[in-house]
Amino acid sequence: MEHLIEGYRVYRKKRWPELRALHQRLAKVGQAPRTLVIACADSRVDPATIFNAGPGELFVVRNVANLAPPFEEAPGFHGVSAAIEFGVLQLKVETILVLGHAQCGGVAAALEDRVRDPHSFVDAWISLLDTAKARIMGCAGDHSTALEYESIRVTLENLATFPFVAEAMRTRDLKLVGARYGVADGGLELLDAATGAFNPVL
Ligand SMILES: [Zn+2]
């Protein structure tokens, strides 16, 4: 914990003076981020850093392998779905960005050839990748990379199954966007909805 306290002291001394006015305004008027980002919990993939975004700009949901489940009405603690609902209905974000990444451990786990543990939260969660996995099996090339791309496409499809997402897309032009970040090279690729291809951002 010491390194976090030390980090906080540096933040408080060096960054806070320049952020104070912004924070005071945000505290007063509330947040109004234009983008909801669904990113991986992976410590190497920080949306605020990648998009050079400051406080108040991004409403971020992070989870293992940057997934969103399909809409379901079964009772339970639907944390990701709750965040999506809040982002779309309360914050009225303009865009939902699904941000995948290279070397994703969750995606790699989904590709492991082993029996899933029925008591594992991770194993249950990554079963959300089964649809994408079925689509890329038999494809040439690296399966991890292919599944990282395909899981972003499937997550975007899942998002559109939420009635309030579909309605916002229809009535106020909510955009669903996919992107993949290269951990090693810092490159960002954007999904072209028309062609289904990921193209590098130059
Ligand atoms: Zn990941």
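## Strand β4 and residue R180

R180 lies in strand β4, which covers residues 175-181; helices (H or I, at least four residues) and strands (E, at least two) are DSSP runs, numbered from the N terminus. The model is a predicted one, in which local features need pLDDT of at least 70 and side-chain atom pairs count only at pLDDT 80 or more, while totals for chains, interfaces and linings use all residues. Residues are numbered from 1 along each chain as its sequence is written, and side-chain values use heavy atoms, with hydrogens and water left out.

With a relative accessible area of 8%, R180 is buried; buried stands for under 20% relative accessible area, exposed for over 50%, and partly exposed for values in between (1.4 Å probe, protein chains only). Neighbours within four places in sequence aside, the contacts of R180 include G100, H101, A102, T145, E148 and Y149, and I152, G187, L188, E189 and F198 are also among them. A contact is defined by heavy atoms within 4.5 Å. A134 is 46 residues from R180 along the chain, and the C-alpha atoms of the two are separated by 20 Å.

## The zinc site

The zinc ion is coordinated by SG of C40, NE2 of H101 and SG of C104, at 2.0 to 2.2 Å. Donors are N, O and S atoms within 2.8 Å of the metal (3.2 Å for Na, K and Ca); water is not among the atoms, so sites may look incomplete.

Along the sequence, the donor residues follow the spacing C-x60-H-x2-C. H101 and C104 are both buried.

Q31 is placed in the loop between α1 (2-29) and β1 (35-40). Its relative accessible area of 40% makes Q31 partly exposed. Apart from neighbours within four places in sequence, Q31 touches L26, F59, F86 and L91.

N52 occupies the loop between α2 (47-50) and β2 (58-63) and counts as exposed, at 69% relative accessibility. Although N52 is not a glycine, it has a positive phi of about 50°. Between Q31 and N52 there are 21 residues of sequence separation and 18 Å in space, C-alpha to C-alpha. K92, in the loop between α3 (79-90) and β3 (95-101), is likewise not a glycine and has a positive phi of about 55°. The relative accessible area of K92 is 52%, and the residue is exposed.

## The chain as a whole

Eight helices and six strands make up the secondary structure of the chain. Read from the N terminus, the order of elements is α-β-α-β-α-β-α-α-α-α-α-β-β-β. The chain is as compact as a globular protein of its length, because its radius of gyration of 18 Å is close to the 17 Å that the globule rule gives for 202 residues. This radius is taken over C-alpha atoms, and the rule is 2.2 Å times the number of residues to the power 0.38. Along the principal axes, the C-alpha atoms fill a box of roughly 55 × 45 × 40 Å.

Of the 202 residues, 38% count as buried. Among contacts with a separation of 6 or more, 62% are between residues 24 or more positions apart. The chain exposes about 11,900 Å², of which carbon and sulfur atoms supply 57%; such areas come from the Shrake-Rupley method with a 1.4 Å probe, and for residues only the protein chains shown count as cover.
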